[in-house]
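Please keep the sequence and the model at hand while going through the points.

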Amino acid sequence: VELKEKLRDVRNDITALSTDEQYQKIIDILKTDPDMIGEFMSSPVILTTQQIYPIKNYGSAMSPFYTILALWVGALILVAIIHVKVEPEDGIVGVKPYQAYFGRYLTFFIIGQIQTLITILGDLFYLKIQCHNPFLFWFAGAMASFVFTLFIYSLTVAFENVGEALAVVIMVIQVAGAGGTFPVETLPKVYQCIYKFLPFTYGMDAMRETIGGLYAMDYWKCIGKLGIYVAVSLFIGLVLAIPFRKLNRKIEKSKEKSGVMI
């Protein structure tokens, strides 16, 4: 009985609705163009995407980050396998610290540039990434390699093994906070504050310009900002290293006495 009463109420409501004036107006509107109404209800907002600097695939978009990371790791490996300290040779006297600094760095620079050339050629011809200007792409890599090798070399000259450890720490910070994999705006606040001071940022941005397309002078601005780290590196290797020489010698003697550390 209860179910019968509910069905009677529903029938009465439907009958009342069918005679309602507003309901009839809605039915008339739907009858005019039901396809248009259905399309609007399924997608009330239509977005038109216009690509300004299109990149054809995800690999091309990520290549600046991994290329810059490879160049930093390459520079880090160099200080691990090649001595930065210039040992005295028989018959060669009066070598000044700055002469030893620049003379030994030439080895790191040349090997770093060879690493860069191999990496860039691999990106362009093996991975076949999108690149609007291969020459500028290589130049950005060459400049980044120059900065990275000089910076890590200077850290090692000034602080020896501690400098190598600092280079690893800086690399980890840059991987997480330079905006290589995610937009900087989505990162924690601390990374949003420091990313402007990381060399990864400008090396990647310069390479992105050559992949997506150049905009005004942004490429050269990134190269210029990357060059600031050359001055920072020279200050570390030539000036800051002076007061740490005695401390480094003491640490070296302590390591030799331990018989464990190299």
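1. A residue counts as buried when its relative accessible area is under 20%, and as exposed when that area is over 50%. The model discussed here is predicted. G177, which has its place in helix α7, counts as buried because its relative accessibility is 0%.

2. Which residues does G177 touch, leaving aside those up to four places away in sequence? They are L187, Y191, Y195 and L198. For Y195, the separation from G177 is 18 residues in sequence, while the C-alpha atoms of the two are 6.0 Å apart in space.

3. Not counting residues up to four places away in sequence, T156 touches V79, V84, G163 and E164.

4. The packing of helices deserves attention next. Two packed helices are described by the angle between their axes and by the distance between those axes. For helix α6 (residues 134-159) and helix α9 (residues 199-212), the angle is about 170° and the axes lie 8 Å apart. An angle over 145 degrees counts as roughly antiparallel, and α6 and α9 are therefore roughly antiparallel to each other.

5. Which residues meet where α6 packs against α9? From α6 come L136, F137, A140, G141 and F148, and from α9 come P199, F200, A206, M207, T210 and I211. By class, the residues of this contact comprise nine nonpolar, two polar and no charged.

6. The pockets may be considered in turn. Rolling a probe the size of a water molecule over the atoms shows where empty space is left. The largest pocket has a volume of about 1,100 Å³. Its lining consists of 34 residues, and those nearest the centre of the pocket are V84, K85, V86, E87 and E160.

7. Which helices contribute at least two residues each to the lining of the largest pocket? They are α4 (58-81), α5 (97-126), α6, α7 (161-177) and α11 (245-258). The largest share, five residues, comes from α11. In terms of class, the lining of the largest pocket holds 17 nonpolar, six polar and eleven charged residues.

8. The second largest pocket has a volume of about 270 Å³. Its lining is formed by Y195, K196, T201, Y202, D205, R208, E209, D218, K221, C222 and K225. Two or more of these residues come from each of α9 and α10 (218-240), and α9 gives the most, with five. The lining of the second largest pocket divides into three nonpolar residues, one polar residue and seven charged residues. Y195, listed here in the lining, is also among the residues that G177 touches.

9. Backbone geometry is the last topic. Most residues other than glycine have a negative phi. K128, however, has a positive phi of about 55° although it is not a glycine. K128 is found in the loop between α5 and α6, and it counts as exposed because its relative accessible area is 57%.

10. A216 likewise has a positive phi, of about 50°, although it is not a glycine. Where does A216 lie? The residue is in the loop between α9 and α10. With a relative accessible area of 65%, A216 is exposed.

Notes
Residues numbered from 1 in each chain as written. Predicted model: local features only at pLDDT ≥ 70, side-chain atom pairs only at ≥ 80, totals over all residues. Heavy atoms only, no water. Axes fitted to C-alpha atoms, helices over the stretch in contact; angles between N-to-C directions. Helix = DSSP H or I, 4+ residues; strand = E, 2+ residues; numbered from the N terminus. Parallel < 35°, antiparallel > 145°, perpendicular 65-115°, else oblique. Contact = heavy atoms within 4.5 Å. Nonpolar A, V, L, I, M, F, W, Y, C, P; charged D, E, K, R; others polar. 1 Å grid on protein atoms, 1.4 Å probe; cavity = no way out; pocket = protein on both sides within 12 Å on 5 of 7 lines; lining within 4 Å. Points joined across faces, edges and corners; volume = space filled by probe spheres on them. Buried < 20%, exposed > 50% of the residue type's maximum accessible area, 1.4 Å probe, protein only.
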